[in-house]
Structures are given as C-alpha cells and as structure tokens.
Amino acid sequence: MELTVTLEINEKKHVLTLDSRTTLLDLLREELHLTGTKKGCDHGQCGTCTILLDGKRVNSCLILAASADQKSITTIEGLSSSNSLHPLQKAFISHDALQCGYCTPGQILSAAGFLNEPWERTTEGIKEGMSGNLCRCGAYPNILTAVQEVLENQKLLNPQKASHS
Ligand code: FES
Ligand code: FES
C-alpha cells in the first residue's frame, strides 16, 4: 500500500509517497540518497543505522518510515551546523576514533543521543550507554575517549569516577 508522509529531515521538509513497508533506513539511503546512515545487520543489533528521531536515538532499520510521519530526523549529514563540525565529529577526528569508518556515523549519532539521556557521566556509564553500537574494527577505546572529551568540555563528566583506561 502506498501512503504519503511528511518528514523534516535535517531541517528540510519532505513530503514523500512511499510503500508502507519502507523502513526509515531504506528511505534515507535508497530514496533520499543520504548514504551517511549505514546498513549493517538490518535487524536492530549493530547500531550502525542510528539516527535521531525527534532528538532521540533510534535504529532506523527498525522504524517504518510511515510511523515517522510529522517527525523530525537528524542524520550525520545534518549534524553539523553552518560549516562547523559538531563537537562529537571534531572529537572523533582528533582522537582517531575510527578505522574503516563504517560504524562511525552511527556511533556519533548514538553519542549525540547519549548526551541528552540520564546516563551516569562516567567511563562505565559511557560504555553502557554506547553498548548498542558495535565496531568491528575495535575502535572502542578511542570512541570512549572522544565521548569523554565532549563531556569534559561540557563540564558534564564526573571527575571522581572517570578514567581514560
Ligand atoms: S543496521 Fe540497524 S541495527 Fe544494524
Ligand atoms: S571503525 Fe570500522 S567498524 Fe567501526
């Protein structure tokens, strides 16, 4: 069945007619060519497809585009503002928090969601809060350091419990 949805994607309004079975991930990648959002497992297990939906992180492979009608979506293409990278993007670059880079958009969007959630601002809290995002290259230590730095810069990291190990 075809239906029409209205989505705000990276601050731009889209009115789209689509098959009701289309996932948000496939809509972004196949229809809108926003290929920064990656497809890994396609079953909600790797976090590679993470985006922000009304500011909250979700696995876009598990969401039907139809259910996102009237909602706001942020992908990696829309995270930065006016030619300035998001602090998480800068931190991932400066701490070399990637190898092949395939998981990186999902890691960054997940971290952006994490920053707005009530996790403990500690090493363990970051590890737990980011545990839904897998990295086959094992870049976890540097990803952790990058997220810690952003929290530190926002004066949100708990210095008592934080450790860079
Ligand atoms: S592709 Fe969506 S969680 Fe793996
Ligand atoms: S950097 Fe290669 S999968 Fe994470």
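Asp19 has a relative accessibility of 26%, so Asp19 counts as partly exposed. Arg21 counts as exposed because its relative accessibility is 64%. Arg21 and Asp19 form a salt bridge, with 2.8 Å between the closest N and O atoms. A salt bridge here is a side-chain nitrogen of Lys or Arg within 4 Å of a carboxyl oxygen of Asp or Glu.

The model is predicted: local features need pLDDT of at least 70 and side-chain atom pairs count only at pLDDT 80 or more, while totals for chains, interfaces and linings use all residues. Residues are numbered from 1 along each chain as its sequence is written, chains are lettered from A and ligands numbered from 1 in the order in which they are written, and side-chain values use heavy atoms, with hydrogens and water left out.

## The chain as a whole

The chain contains 5 helices and 5 strands. Helices (H or I, at least four residues) and strands (E, at least two) are DSSP runs, numbered from the N terminus. Read from the N terminus, the order of elements is β-β-α-β-β-β-α-α-α-α.

A compact globule of 165 residues would have a radius of gyration near 15 Å, and the 16 Å of this chain agrees with that. The radius is taken over C-alpha atoms, and the globule rule is 2.2 Å times the number of residues to the power 0.38. The C-alpha trace spans about 55 × 30 × 30 Å along its principal axes. Of the 165 residues, 46% are buried. The accessible surface of the chain is about 8,800 Å², and carbon and sulfur atoms hold 49% of that surface; such areas come from the Shrake-Rupley method with a 1.4 Å probe, and for residues only the protein chains shown count as cover.

Among the contacts with a separation of 6 or more, 55% are between residues 24 or more positions apart. A contact means heavy atoms within 4.5 Å.

## Strands and hairpins

Strand 1 (residues 2-9) and strand 2 (residues 12-19) run antiparallel and are joined by 8 bridges. Two strands count as paired if DSSP finds at least two bridges between them. Opposite Leu7 stands His14 of strand 2. The hairpin of strand 1 and strand 2 has 2 residues between the strands, and Asn10 in this hairpin takes a positive phi near 50°.

Strand 1 also pairs with strand 5 (residues 72-74), here in the parallel sense and over 2 bridges. Ile9 stands opposite Ile73 of strand 5. Strand 3 (residues 50-53) and strand 4 run antiparallel, with 4 bridges joining them. Leu53 has Lys56 of strand 4 as its bridge partner. The hairpin of strand 3 and strand 4 has 2 residues between the strands, and Asp54 has a positive phi near 50° there.

## Helix 2 and its two sides

Helix 2 covers residues 87-94, and its buried residues are Leu88, Gln89, Ala91 and Phe92. Viewed down the axis of helix 2, these buried residues fall within an arc of 165°, so they line one face of the helix. The arc is that of the directions from the helix axis to the C-beta atoms.

The buried residues of helix 2 pack against helix 3 (104-114) and helix 5 (140-153). Ile93 and Ser94 are exposed, on the face of helix 2 turned away from its buried side. Helix 2 is followed by Asp96, which has a positive phi near 55°.

## Other salt bridges

The structure holds 5 salt bridges. In one of them, Glu117 pairs with Arg57, the closest N and O atoms being 2.7 Å apart. This pair links distant parts of the chain, 60 residues apart: Glu117 is in the loop between helix 3 and helix 4 (123-129), and Arg57 is in strand 4 (residues 56-59). Glu117 is partly exposed, because its relative accessible area is 23%.

Lys127 and Glu124 also meet in a salt bridge, at 3.8 Å from N to O. They are 3 residues apart in helix 4, so about one helical turn separates Lys127 and Glu124. Lys127 counts as partly exposed at 42% relative accessibility, and Glu124 counts as exposed at 53%. Asp26, Lys39 and Asp42 are joined into one network by salt bridges that share partners.

Notes. Buried means under 20% relative accessible area, exposed over 50%, partly exposed in between (1.4 Å probe, protein chains only).
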